[in-house]
Amino acid sequence: MQVFIQTLVNGLVTGCLYALIALGYTMVYGVLKLLNFAHGDVYMVGAFIGYFVIQWFGGPNHLSIPVPLLIVLMLVISGLGTGLLGVAIERFAYRPLRDAPRIAPLITALGVSFVLENTVLLLFGGFVRSYNTTDFISDTNGIHIAGAHIDSVEIMIFVLTGVLCWVLLQIVNKTTLGKSMRAVASDREAAEMLGINVDRTIALTFFIGSVMAGVAGVMSGLEFQSISATIGFLAGLKAFTAAVVGGIGSVTGAMVGGIFIGLCEAFSLSYISEKYSDLIVFGILIVTMLVRPTGIFGRRALQKV
Amino acid sequence: MPQIGVDEWVAQSGERREQGTGLGRALATLDARFGWWPRLALAAAVGLVFGLSTGNVNLLTVGFTCLLYAILSLGLNIAAGWSGLLDLGYIAFVGFGAYGYAIFSSSALGTGGSGGAHLAAFESIPIVVIAAGLVGVVIGLIALRLEGDYLAIVTLFVGQAFFEVVNNVDPGTLGGVNGIFSIDSLHGLSGNVSTPRGYYLVALIIIVGLAAVLHLLDTSRTGRAWRALRDDPLAASAMTIPVNKLKVMAFSFSAAIGALGGTLFAAQTSSVFPTNFTENILILIFACLVLGGAGSIAGAIAGGIIVWALEQMLGSPTDAGYLFYGLILLTLFLKIRPWWKLGAVLAGIVVFGFLAHAIVGAISSSATAGHPGSTGWIGSAVKDWVIVPSDPIGYGNILFILVICLVLALVRLQGTARLVLVVPTVYLAACCWESRLIVNPAITTQIMLGVILIVTMAARPNGLLGSRRVEML
Amino acid sequence: MSDTAPAKPPLLELDKLSLSFGGLRALTELDLQVSEGEIVSVIGPNGAGKTSVFNVITGVYKPTSGDVRFAGQSIAGKRQFQITRLGIARTFQSLRLFQNMTVKENVKAATYGHTKASPPESILRLPRARREEREVDALAEEVLSFFGERLRGYRWNQPAYVLSYANRRRLEIARALATRPRLLLLDEPAAGMNPNETLEVTEVIGRLRDELGLAILVIEHDMHVVEGISDRVVALDHGIKITEGAFDAVATHPAVVEAYLGRDPEALAEA
């Protein structure tokens with residue numbers, strides 16, 4: 001029973017992180033119909049920024065500022081950094097390709113992913129770095145449920161993800177920006193003709209999505225401690241799966257999909273085998289695509305014939 | 001009644017404007033003047049002369065790899081270029097072919113490193129290729145349920161799944177992480193291909209044959225149907241075209257050709273590892289295709305050659321230097337007009353550099369004590385021009401970021417400000433190159449490849465040799 | 001004059017055809033016939049369900065209930081390309097040409113259904129493949145010549161996206177003709193055309209019936225065209241047939257006028 005609860009907790013933790021990354025994928029796909037392969041690497045950059053913030057303030061063992069302040073700074077700086085990175089990528093790499101055949105931005109996205117990953121490799125080396133979270137946040141506090149342990153970092157992840165998701169839903173459903181995003185996602189030309197500043201809407205979409213990825217990066221570093229230049233790819237792929245299973249283009253879908261994939265991964269790690277857990281996750285994707293091609297919350301785009 | 005000569009000329013003004021002047025127009029005229037078959041024959045002749053005349057083993061191996069990538073991108077072209085099916089799992093078919101050949105033509109099926117099937121090439125290759133075609137049919141049938149981007153997503157994961165399978169499943173036969181090695185070279189009847197020249201010629205024959213076959217297919221009803229299906233599947237279906245059957249056919253052909261390339265790869269390198277078939281390679285193949293211009297046979301081949309040649313040049317410091325400086329000079333040539341401005345900028349860069357080097361050198365001798373990374377005559381030429389401190393790593397890193405910011409700023413500026421900013425940007429880029437980038441050629445290669453992809457797509461979204469397309473959104 | 005010949009079944013027959021999208025009733029119990037060599041026009045305000053009729057006939061949508069019969073055979077639920085091969089061809093309200101293919105290739109692509117060469121045959125250029133290519137080429141030229149000088153000569157090798165709007169509409173029709181249909185469905189063939197072009201379209205439709213013996217079902221808003229070509233007119237509104245008959249009768253029918261222009265109580269009371 002304890003294993004079950006612990007697996008559940010682990011699944012929810014990774015699920016939250018996948019959900020945050022998946023939101024970026026899904027929002028960008030919604031407004032640009034672009035599969036932004038570079039998004040996973042933005043997450044990776046976020047993790048690195050968080051790492052360097054820790055080093056800046058003395059490293060995990062000699063922090064010069066209190067831990068809560070450190071965490072806030074990490075989140076804010078990383079979020080802003082990745083947000084700006086996302087906006088820059090959109091501005092310089094994707095904007096020239098707004099009207100190009102669909103395959104062109106895909107290649108550009110792959111190119112951007114290449115550049116990001118290898119720039120980090122070049123600047124900071126390929127070896128694994130560690131947040132050493134346990135040096136400054138004790139992992140024995142937290143709560144116990146039925147023998148399973150949820151430590152403070154994990155609680156923070158739950159809370160933060162919940163808050164961010166709620167905020168995002170408010171933005172999308174209740175603000176003008178959200179309406180603009182939905183309009184651009186529906187029909188970009190028409191939105192432009194109705195006076196919506198499409199360039200700014202798209203830039204803000206990228207910003208929000210990248211901030212979420214950056215925050216996920218920091219929290220991932222805090223929870224799993226080890227980071228390297230290549231963590232972006234696999235995490236990005238799984239978050240991508242989550243976005244698709246949930247219904248790409250749907251914000252609720254990304255959230256639900258993320259949790260779902262996180263849980264699937266945790267349970268197959270626990271109960272089946274580590275070797276096959278990735279394959280199982282991908283298998284779930286294939287099955288979902290066959291049974292419900294547009295994902296759980298996705299809507300089939302109706303074509304006027 | 002339309003007037004002879006006049007109306008046609010007017011009607012074609014749009015096409016003329018698109019071709020532009022200079023190189024674009026010259027290429028297009030050449031295009032129209034020579035038929036397809038003479039051009040193929042010419043390309044084949046060039047390839048043959050190259051293969052027979054050079055004794056340089058390195059060159060021949062590079063040439064083989066170029067042709068191999070060309071073969072792979074031709075295969076991808078059928079699905080992605082002609083039929084508009086975004087098959088991001090193509091690498092799985094290539095791997096299937098490679099592993100298939102590896103299993104049948106080595107000791108993999110035996111025990112303890114001996115025995116095994118050791119089939120001759122003309123036995124194992126057809127088996128593998130046909131099997132791949134069948135797998136392609138299965139994937140195609142699955143893909144029928146999916147549209148556009150969903151297809152891309154699912155196929156991407158199929159590709160990843162392949163990697164997971166050969167990495168984790170059944171290490172006894174498939175070799176697991178260590179792969180399979182000691183694979184037989186191509187052999188059969190009494191012949192044996194084991195030299196670099198031999199493999200190059202085999203690849204050349206295959207690609208010429210493949211190009212011919214695909215051209216014949218492209219100009220037939222099947223080719224027309226594929227292109228119709230790419231432009232508008234609904235309309236194609238309304239015009240008697242069995243869209244689903246053709247999609248499956250496209251996948252099947254694509255898979256078969258990919259597998260063929262895979263077998264060649266396995267035979268030439270004598271070993272296969274799971275890491276040979278990761279997304280990096282897939283990106284390369286797509287780059288080949290899109291760079292050259294998806295949908296055209298010549299484009300696919302050209303893309304394959306360009307991408308691999310780039311990879312190669314970036315591997316050796318001297319050659320990489322040619323590439324780096326050459327690309328910069330080329331960009332400046334193409335972008336700065338009139339000539340006197342170009343001359344001024346070039347002169348400015350040179351003078352700026354020497355001045356900076358002299359000033360910094362006077363201030364601190366350790367700041368210029370390092371050696372430029374380039375070897376050969378480039379290295380000696382720039383020794384007194386670039387600033388390379390005795391500890392170049394951190395300096396190089398900072399410069400790298402600085403150069404990126406400068407380049408992004410350049411994109412936004414116009415006119416004189418832009419020309420002025422070019423001078424320090426190019427100089428600092430050269431310093432960064434010499435002190436940092438060239439030292440890590442593997443990583444630099446990837447970065448440059450990524451940059452080239454981004455820039456090419458921004459400048460010519462239809463690929464270098466592609467023609468203008470109108471997409472239905 | 002007494003009719004001694006036995007009545008032939010109509011070429012196309014819609015029998016109590018209904019089509020719903022969830023709660024939206026696009027078509028309700030529609031009866032419609034088109035006989036050989038007949039031109040029937042379908043009119044009605046926008047949203048009346050006219051294009052839905054085409055879509056059901058050609059197999060884009062499956063009918064919710066009712067039947068579609070072509071030459072006596074039920075085709076409801078068949079796939080699009082199967083229906084086209086039986087002899088029904090259509091054009092689209094918003095043009096759907098193969099933009100990146102040349103004019104001639106657009107037409108040739110539509111001949112896929114009645115050629116048989118397999119890929120190996122095509123690759124090896126076996127006699128049957130070569131013969132079919134020649135026939136297809138000749139058919140394309142013949143079909144394109146139907147429009148006189150408009151789509152002739154140098155136009156054959158131009159990509160479809162450079163064509164003018166009127167030429168694109170003509171190419172759509174030519175492409176449909178290449179499938180060798182017995183029944184042609186034209187969806188707003190005169191949309192967006194100036195008076196000269198409209199006149200030309202009217203003539204072309206007449207010639208299609210007279211020279212090629214086609215039965216034609218036309219959706220059209222321009223009443224001049226409808227008047228000029230129709231043997232019979234069918235009026236739809238909200239997915240229901242409100243009346244059918246000769247042009248004059250239908251055009252002045254009060255329910256039709258109401259559907260287009262709104263209610264006039266006096267006229268209704270008189271009818």
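Student: How do I read burial here, and is Ala38(A) buried or exposed?

Tutor: Count neighbours: a residue is buried if 20 or more other C-beta atoms, placed from the backbone, lie within 10 Å of its own, exposed if 12 or fewer, and partly exposed in between. Ala38(A) has 27 other C-beta atoms within 10 Å, so Ala38(A) is buried. Please keep in mind that this is a predicted model, where local features need pLDDT of at least 70 and side-chain atom pairs count only at pLDDT 80 or more, while totals for chains, interfaces and linings use all residues. Residues are numbered from 1 along each chain as its sequence is written, and chains are lettered from A and ligands numbered from 1 in the order in which they are written.

Student: Where is Ala38(A), and with which residues is it in contact?

Tutor: Helices (H or I, at least four residues) and strands (E, at least two) are DSSP runs, numbered from the N terminus, and two residues are in contact if their C-beta atoms, placed from the backbone, lie within 7 Å. Ala38(A) sits in the loop between helix 1 and helix 2 of chain A. Leaving aside neighbours within four places in sequence, Ala38(A) is in contact with Ile89(A), Ala109(A), Val112(A), Ser113(A) and Leu116(A). From Ala38(A) to Gly247(A), 209 residues apart in sequence, the C-alpha to C-alpha separation is 20 Å.

Student: How do I read a helix pair, and at what angle do helix 2 and helix 4 of chain A cross?

Tutor: Two packed helices are described by the angle between their axes and the distance between the axes. Axes are lines fitted to C-alpha atoms, for helices over the stretch in contact, with angles from 0 to 180 degrees between N-to-C directions. Under 35 degrees counts as roughly parallel, over 145 as roughly antiparallel, 65 to 115 as roughly perpendicular and the rest as oblique. The axes of helix 2 and helix 4 (residues 103-124) of chain A come within 9 Å and cross at roughly 25 degrees, and these helices are therefore roughly parallel to each other. Helix 2 of chain A brings Asp41(A), Met44(A), Val45(A) and Phe48(A) to the contact, and helix 4 of chain A brings Ser113(A), Leu116(A), Glu117(A), Val120(A) and Phe124(A). By class, the residues of this contact are six nonpolar, one polar and two charged, where Ala, Val, Leu, Ile, Met, Phe, Trp, Tyr, Cys and Pro count as nonpolar, Asp, Glu, Lys and Arg as charged, and the others, Gly among them, as polar.

Student: And which way do helix 1 and helix 8 of chain A run, parallel or antiparallel?

Tutor: The axes of helix 1 (residues 2-32) and helix 8 (residues 198-224) of chain A come within 9 Å and cross at roughly 165 degrees. These two helices are therefore roughly antiparallel. Their contact involves 17 nonpolar, six polar and one charged residue.

Student: What should I look for in a nonpolar core, and how many residues has the largest one?

Tutor: Such a core is a set of buried Ala, Val, Leu, Ile, Met, Phe, Trp, Tyr and Cys residues joined through C-beta atoms within 7 Å. The largest has 284 residues, and Leu20(A), Ile21(A), Ile71(B) and Ile241(B) have the most contacts inside it. Helix 13 (residues 243-269) of chain B gives the most to this core, 16 residues. Leaving aside neighbours within four places in sequence, the contacts of Ile241(B) include Ala225(B) and Leu229(B), along with Phe81(C), Ala109(C) and Tyr112(C).

Student: How do I read the interfaces, and how many residues of chain B are in contact with chain A?

Tutor: Count the residues on each side: 40 residues of chain B are in contact with 36 residues of chain A. The chain B side divides into 28 nonpolar, seven polar and five charged. Elsewhere, 31 residues of chain C are in contact with 27 residues of chain B. Helix 2 of chain C supplies the largest share of the chain C side, four residues. That side has 14 nonpolar, nine polar and eight charged residues.

Student: Which residue of chain B has a positive phi although it is not a glycine?

Tutor: Ser270(B), with phi of about 60 degrees. Ser270(B) lies in the loop between helix 13 and strand 4 (271-272) of chain B.
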